[in-house]
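Dear colleague,

Please find the structure below. The notes that follow it set out what was found.

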Amino acid sequence: MATFPAITASYGAQKSSKPKMRMTQFGDGYEQRTTFGLNQNPKEWSLTWQNITEANADTIEAFLDARAADGASFDWTPPDTATSYKWVCQQWDKTIPYTGRATITATFRQVFEP
């Protein structure tokens, strides 16, 4: 299992949650909700590595390219926890605003695998 490189994302990372729920609404306005399946609350992180060196940007991009090629998930520790989880990244962008500097934006989606 690959581990994401130890390059810290910039401040302003955004975490999204979308719990898997099943809802039933009755005629009298009563609504019943229940979680659906195992791992009902996957997370998604929108991350930016802003104004990093071109070498660090190449390291991140090479890692993500390798995961795209082998289709494997990777371990990454979100900024709000000390525990690593499994993630996939299906899209990222690289911008080069200055010579030798780069910005990468990516979205990590949590997956549940053994």
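**Findings**

Gln 110 is found in strand β8 (strands are DSSP runs of E of at least two residues, numbered from the N terminus, and helices are runs of H or I of at least four). This is a predicted model, in which local features need pLDDT of at least 70, side-chain atom pairs count only at pLDDT 80 or more, and totals for chains, interfaces and linings use all residues. Residues are numbered from 1 along each chain as its sequence is written, and side-chain values use heavy atoms, with hydrogens and water left out.

Is Gln 110 buried or exposed? Gln 110 is buried, since its relative accessible area is 10% (buried means under 20%, exposed over 50%, partly exposed in between, with a 1.4 Å probe and protein chains only). Beyond its neighbours within four places in sequence, Gln 110 is in contact (heavy atoms within 4.5 Å) with Asn 41, Pro 42, Lys 43, Tyr 85, Lys 86 and Trp 87.

Strands of a sheet pair through backbone hydrogen bonds, either parallel or antiparallel. Here, six strands form an open sheet of mixed pairing, in the order β1-β6-β7-β8-β5-β2 (two strands pair if DSSP finds at least two bridges between them). Its edge strands, β1 (2-3) and β2 (14-17), each pair on one side only. Strands β6 (residues 74-76) and β7 (residues 85-98) pair in the antiparallel sense over three bridges. Asp 75 has Lys 86 in β7 as its bridge partner.
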